[in-house]
Each structure stands twice: as structure tokens, then as C-alpha cells.
Amino acid sequence: MSTHSIDETTAPAPKQSVEGKGSAIHGVLIGLIPLGLLAGVVLIAVVITALARELAAGGGFYVQQQAALITLIVGLVLAIVVFAIACWRVLRQVALWQKAGVAVQAAATLWTLGFTALVIISPILLAILLPQHPAP
Amino acid sequence: MLTQTPSSSAPASVEDKSTRKGRIWRRVVAVLLTLSVLLMVGYSGVSFYIATQLQVGHRTPIYATPASLGLQYKDVTFPSRYDNLQIKGWFIPGILPNGQLTSQRTILIVHGIDNNRADPGAGLLNLSSDLAHQGFAILAFDLRGNGESPTAARSFGLYEQRDVLGAVDFLHSGPLPYPQLGRTHAIAAWGDSLGGATVILAAANEPAIKAIVSDSSFADILPRLERDIPAQGHVPAMFTPGGLIAAQMLYGVDYYNIRPASVIASIAPRPILLIHGANDNKDHTTTPPADMYVLAASALSAPNANVQTWMVPGATHVQAYHVEGQVYVDRIVAFYTAALGPDNSGS
């Protein structure tokens, strides 16, 4: 968890009172934007892949395989690009907040982005941690 | 820890320190995000590769036809149920003791993985011949992605059962291979390994299949995949779930749901004969004999179940017919005759 104590010399008393729970929530919401965009684009990519698979079914297995694979890979690359741009913009916003002394909001956003990194690798963690029952 | 501490130094210096700390934390977060994305891209890449490898089987050429055993037969093509793949097979009429041909009772012969309707390893052509000489017509066909049937995703029975259901439709309403013999009155199925699992899945969905013999079937494909993907793909076990989920995304194959043991009870009261080689899976690459008991226990959970089991001593995977020979034929002929009744086309 982060702890914050705003320096009186850079954060005057009235501003500190403005920064609080609302700012933290706002920071979290801003921090969730890249994850939301990533999830949204991945979801759309999966749905379009399923659609492509069905549409290409008449062309035989290899056509279907190529259609599904290309659609999914393009979708996932697009998701990564969208995610990277969103992260870059959010981090730039955090820099501006830090410069302006809006420390609580900036810290909340950074923690949310850290949490986002954890969410992204969670499938790998689950794959390692969840038990498997291989045949003998 | 993300901490900004008060300082007693000059405001400008504090601001510099604060800015520097902020920059460091932004970089830490950026590095974490980059690492997580790179890890996930790597994991996804390996998972997609596994999914692709899982789907593509190895086609084995058909080495002989029923004519090589002196049998009459017709090449047939029929559409699989639901997805209309053109499945290739042979229809072999049964031979009555007086030499008359018959198609009253037909047995569907369903081969194992990466094989075909003739499968010399399991002796399918010889078994078909033995059954035909006992008066049973045979519809032996290549499952999708095998033999001469069209290429399709390998789904360990999930989609292959559509080929068995297509065979039932063909016998019910397709063009008659031997019009003079009329239409089949009773249908049963025999399958080994993947074919054994496939006939269980198909019979659970199709009451027209009056009896099944399942030789060397798995009870649940997931433990097999959790063993075989790391062993044969030379990847850590952590990639197995990713590969299976990628297969579902790319091909719509839900490997977590291919469990003959879950559906076998719904075949009751139709009779089931489960056969397994006691020496199966000695090399840890095929199906453990214990799977037969899992299937039997599930089948017997139905109140009106009619289940027989036969553990064949000394037999390895799908070798019970080779080991037992005529005893094997006599046993399954007695089973099918009890289930389907006698052929009375000659009377």
C-alpha cells in the first residue's frame, strides 16, 4: 500500500483538503482505462475470431484455421497497441499531476497500473498454481 | 512503497526530489506493465502453437480394401450430421451361413486416432471381415481428418461424434449401397481408443444406436492432455491450460468438456460392452486400464444400466482383438446378437 504525506511547502492546506477519497477514486478510474481498453479489444477480437471461423467454415479446415488465426493475432496486436498508447497517456497524465502536486490521485493511478500488470499476468499465475491431474 | 516525505530543505529542492521520485515510480510501473505484456505475449504464442499442433493429426494411408479379404463392398460417402463434412467409408454386407448377403443389422466401425477404417494395428479390416461373416453388415468409415475424409479439427470425439451420427442418418435415409438388401433395421457401433470414446458420445445422443462395444476408450480426455502435451510437446505443464484455451478460441473445441464418463449413463438401458487391455499404458502414452472401470462405474450409475466389462490380460492398447482372436469375435458377436436380435432376412 502507498502512504502519502504531502509537503506543506508544495501542497498548501486548502489543496490537501480537496485531495482525498474522491481524488483517489478518480485516480483509480483513470488507472483502469488501459485495462478496460485491453479487455474490450481482446473481447471484440475473440468474438470476431469466432465469427470469422464460422464464416470460413465452408472453405475447409485450413481456410478456417488461417482465418481464425489471422483474425485473432491481428486483434491481439491491436489490443497491445491500444493498451500501450493508453498506458503512455495515463503515465503522462500522472507526471502532470505529480508536477502539480496532486499526489493522492497520481499515486492511486500508479497503484492501479501496477495492479493492471498483475491482472495481465494472472492467467500465467493461475496456470502455474491451479492443480492439474495428468493421467499416469 | 510510494512515499513522499516532508523535508526541511528549500522548496525548490523538495520539488526536485518529489519530481525525481515520481519519475522513478512511473518508470517502475512502466517496466512492470511492459514485462507483464511481454510475458503474456510469450505465453500466448506458445499456447497458440500448442493449440495448432493439437488440431492437426497425421493421415495414415489406407493399406487395403475389403476386397483383399474376398469381401463384397461398396465405397460410400455421407455427410456428417450438423456440419455436412463428406465422410468416406465402406459398406460391407453381412454374409449369412447360406452365403446370402444381408444388411438387416449393421455395425458402425470407428477407428482410433491418426488411423483409418482399415487400421492394421488394431486389425480393423480383419475384424470387419469376421463380423461380416457372422451376418452383420459393416459401415466402416474414416473419421474427419483421417483416411480419405476431409481435413478437420481434431477434437477427441467432440466433433468426431457427428461423423458417427452422420453414419446413422446415412443408414436411415441415405442412398442404399445395395438396394436389393433393403434398409438396415438395427444399428450398433464398435470403436477403439478415440473411436471407442466417440461411439460412447454418439450413442448418448442417438437412441438409434442399439448397442456399443467400446475398446480401450478414455474416460476423460483432460488427464491425457495434461500428461501428453508437456511430454510430447516438450513444454512445461503450465502451458497446457493456455493451449487448451487457445484451441477453444481458435477452433471452438472445448477440451474441458470431452468426458465420455459424464454421458455414458444416458445410454442405458441399451447394452454396453467395455473392453480394455490390462497392459495398456505401460509406456505412459496411451489409455490407463483404470479408465474402463471409471466408465463402467459411471455407466452403472443409471438404474437400468446394462453394462459388461472385459479386461483382457496381456493386451496392450487396442490389441485385445489380436490377443484374443476368435474369442474376441465370439464374445462381441454374442453381445451384438443379444442386443440386436437374430437376422431373419433368410427365413
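Predicted model: local features only at pLDDT ≥ 70, side-chain atom pairs only at ≥ 80, totals over all residues.

Modeller: B:Ser193 is found in the loop between S7 and H4 of chain B. The phi of B:Ser193 is near 55 degrees, which is a positive value in a residue other than glycine. As a general point, most residues other than glycine have a negative phi. B:Ser193 counts as buried because it has 25 C-beta neighbours inside 10 Å, where 20 or more are needed.

H4 of chain B covers residues 194-205, 12 residues in total. From its first C-alpha to its last, H4(B) reaches 17 Å, close to the 16 Å expected at 1.5 Å a residue. Of the 12 residues of H4(B), 10 are buried, so the helix is largely enclosed by the rest of the structure. The buried residues include B:Leu194, B:Gly195 and B:Gly196, and also B:Val199, B:Ile200 and B:Leu201. They pack against three strands of chain B, namely S5 (105-110), S7 (186-192) and S8 (209-215). They also pack against two helices of chain B, H3 (161-173) and H7 (260-263).

H7 leads on to another backbone feature. The loop between H7 and strand S9 (272-277) of chain B holds B:Pro269. The peptide bond from B:Ala268 to B:Pro269 is cis, with omega near 5 degrees. In general, most peptide bonds are trans. B:Asn281 is not a glycine, yet its phi is positive, near 65 degrees. With 21 C-beta neighbours inside 10 Å, B:Asn281 counts as buried.

Now the setting in the chain. Chain B is divided into domain 1 (13-55 + 221-257) and domain 2 (60-220 + 260-340). The C-alpha centres of these two domains of chain B lie 40 Å apart. Nine residues of domain 1 of chain B are in contact with seven residues of domain 2 of chain B. On the domain 1 side that touches domain 2, helix H1 (11-55) and helix H5 (221-233) of chain B each supply at least two residues. H5(B) gives the most to that side, with four residues. The residues on that side of domain 1 of chain B divide into six nonpolar, one polar and two charged.

Along the principal axes, the C-alpha atoms of chain B fill a box of roughly 115 × 35 × 35 Å. Buried residues make up 51% of the 347 residues in chain B.

A word on confidence: chain B averages a pLDDT of 93, and 95% of the residues score at least 70. Over residues 1-9 of chain B, however, the pLDDT is below 50.

Methods
Residues numbered from 1 in each chain as written. Chains lettered and ligands numbered in written order. pLDDT = per-residue confidence, 0-100. Expected span 1.5 Å × (residues − 1). Domains from an automatic or database assignment. Nonpolar A, V, L, I, M, F, W, Y, C, P; charged D, E, K, R; others polar.
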